[in-house]
Every structure is written in structure tokens, then in C-alpha cells.
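Here are my notes on this model, written as numbered points.

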Amino acid sequence: MSPPKLLPPDIFQVSTGSSEPIYRQLIEQLRRLSASGQVQQGDTLPSIREVALALSVNPMTVSKAYSLLENEGLLIRKRGIGMLVASPAADFSDEEQRLALVRPGLERLAAEVKQLELAPKAVLNLFQQILRDNKS
């Protein structure tokens with residue numbers, strides 16, 4: 001396990017055109033980052049103000065996400081330091097458990113595809129292209 005680090009505000013990205021509220025987007029992103037090991041126990045999250053400025057969102061939105069994650073046990077508040085990543089609430093080493101984290105987003109996407117009457121094959125081809133383009 002690598003030593004704890006101060007996470008940059010750009011660990012989060014929001015889609016303002018999404019039907020999913022921004023605070024939920026932040027919550028889901030941090031869950032996925034934790035599940036994949038990209039953020040680890042002891043890492044310090046950027047301040048509410050830093051995230052709000054970087055994303056051009058209301059600080060109360062970021063505060064709500066952080067508070068809900070703290071209630072969930074994924075974050076802990078340390079006076080004078082800020083919000084730290086706690087040990088993950090669940091072990092996401094199993095691929096099936098990680099897939100469960102992306103299922104809600106895929107279900108929303110499936111509903112949008114149906115509403116737009118798009119061919120599933122065309123959407124799958126586009127998704128594969130996006131996955132290839134996003135390899136890091």
C-alpha cells in the first residue's frame with residue numbers, strides 16, 4: 001500500500017447535463033476510486049472550497065457529498081486536516097462487486113438509449129471506442 005497522499009481537486013468530474021444530481025456523481029466517483037484502489041485509506045481529500053471552484057459548483061453540493069460519504073463510513077473528518085479516506089466499507093477485489101458499482105450508471109444509460117430509440121449495437125460500438133480512447 002502506498003503512503004497517504006493529498007488528492008487533487010480534479011479527481012472529480014461532473015456532467016452538468018446528467019439527470020443524476022451532482023452530489024450523487026461525486027459520491028459514486030469516490031466509491032469507484034476507492035474500490036479500484038486509486039484512493040486509499042489515509043488519503044486526504046481536497047477541501048470543499050477547492051472542489052467547488054474546480055468544478056464550478058455550489059460548495060453546499062460538495063459538502064453534502066462529503067457528509068453523506070462520512071455517514072457511510074468511507075470518509076472520516078480530522079480536525080485541522082480535513083476529510084480523509086477511511087478504510088473501504090467493503091472489499092471490492094471481486095470483479096462482480098466492482099461491476100455492481102457501474103450497474104446504476106449503465107441502467108440510466110440504457111434508459112436514455114431506449115428513449116432516443118438508438119440501436120444497441122451502435123451504442124455498444126461507441127462504448128467500445130470510448131473505452132479504447134480512455135485507456136491510460
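**Notes on helices, the hairpin and charged pairs**

1. Helix α2 is followed by Ser56, whose phi is positive, near 55 degrees. Ser56 has this positive phi although it is not a glycine, and its place is the loop between α2 and α3. Helices here are DSSP runs of H or I with at least four residues, strands are runs of E with at least two, and both are numbered from the N terminus. With a relative accessible area of 67%, Ser56 is exposed; buried means under 20%, exposed over 50%, and partly exposed in between, using a 1.4 Å probe and protein chains only.

2. Before going further, a word on the basis of these notes: this is a predicted model, in which local features need pLDDT of at least 70 and side-chain atom pairs count only at pLDDT 80 or more, while totals for chains, interfaces and linings use all residues. Residues are numbered from 1 along each chain as its sequence is written, and side-chain values use heavy atoms, with hydrogens and water left out.

3. Glu117 belongs to the loop between α4 and α5 (120-133), and its relative accessibility of 73% makes it exposed.

4. Back to α2 itself, residues 48-55: which of its residues are buried? They are Val51, Ala52 and Leu55. Viewed down the axis of α2, these buried residues fall within an arc of 100 degrees, so they line one face of the helix; the arc is taken from the directions from the helix axis to the C-beta atoms. On the other side of α2, Arg49 and Leu53 are exposed. The buried residues of α2 pack against α1 and α3 (59-72), where contact means heavy atoms within 4.5 Å.

5. Ile48 is also part of helix α2. Its relative accessibility is 28%, which counts as partly exposed. Leaving aside residues up to four places away in sequence, Ile48 touches Pro59, Val62, Ser63 and Tyr66. Between Ile48 and Asn58 there are 9.5 Å in space, C-alpha to C-alpha, for a separation of 10 residues in sequence.

6. Now the strands. β1 (residues 75-78) and β2 (residues 82-85) run antiparallel and are joined by 4 bridges; two strands pair if DSSP finds at least two bridges between them. Leu75 stands opposite Val85 in β2. The two strands form a hairpin with 3 residues between them, and Gly80 in the turn has a positive phi of about 85 degrees.

7. On to the charged side chains. Side chains of opposite charge can pair when their charged atoms come close. A salt bridge is counted when a side-chain nitrogen of Lys or Arg lies within 4 Å of a carboxyl oxygen of Asp or Glu, and by this rule there are 7 salt bridges.

8. Which parts of the chain does the pair of Glu20 and Arg108 link? The closest N and O atoms of this salt bridge are 3.2 Å apart. The pair links distant parts of the chain, with Glu20 in the segment before α1 (22-35) and Arg108 in helix α4 (residues 95-115), 88 residues apart. Glu20 is buried at 15% relative accessible area, whereas Arg108 is partly exposed at 31%.

9. Within helix α1, Arg31 and Glu28 lie 3 residues apart, about one turn of the helix. Their salt bridge has its closest N and O atoms 2.5 Å apart. Arg31 is partly exposed at 21% relative accessibility, and Glu28 is buried at 10%. Both residues also belong to a network of salt bridges that links Arg24, Glu28, Arg31 and Glu72.

10. Another salt bridge joins the side chains of Glu70 and Arg77, at 2.8 Å from N to O. Glu70 is partly exposed, with a relative accessibility of 27%.

11. Last, the rings. The charged end of Lys64 sits over the ring of Tyr23, 4.0 Å from its centre; the rule asks for NZ of Lys or CZ of Arg within 6 Å of the ring centre and within 35 degrees of the ring normal. How many aromatic pairs does a search of the whole structure find? The count is 0, with rings of Phe, Tyr and Trp (its six-membered ring) taken to pair if their centres lie within 6.5 Å, and planes under 30 degrees apart called stacked, over 60 edge-to-face and the rest tilted.
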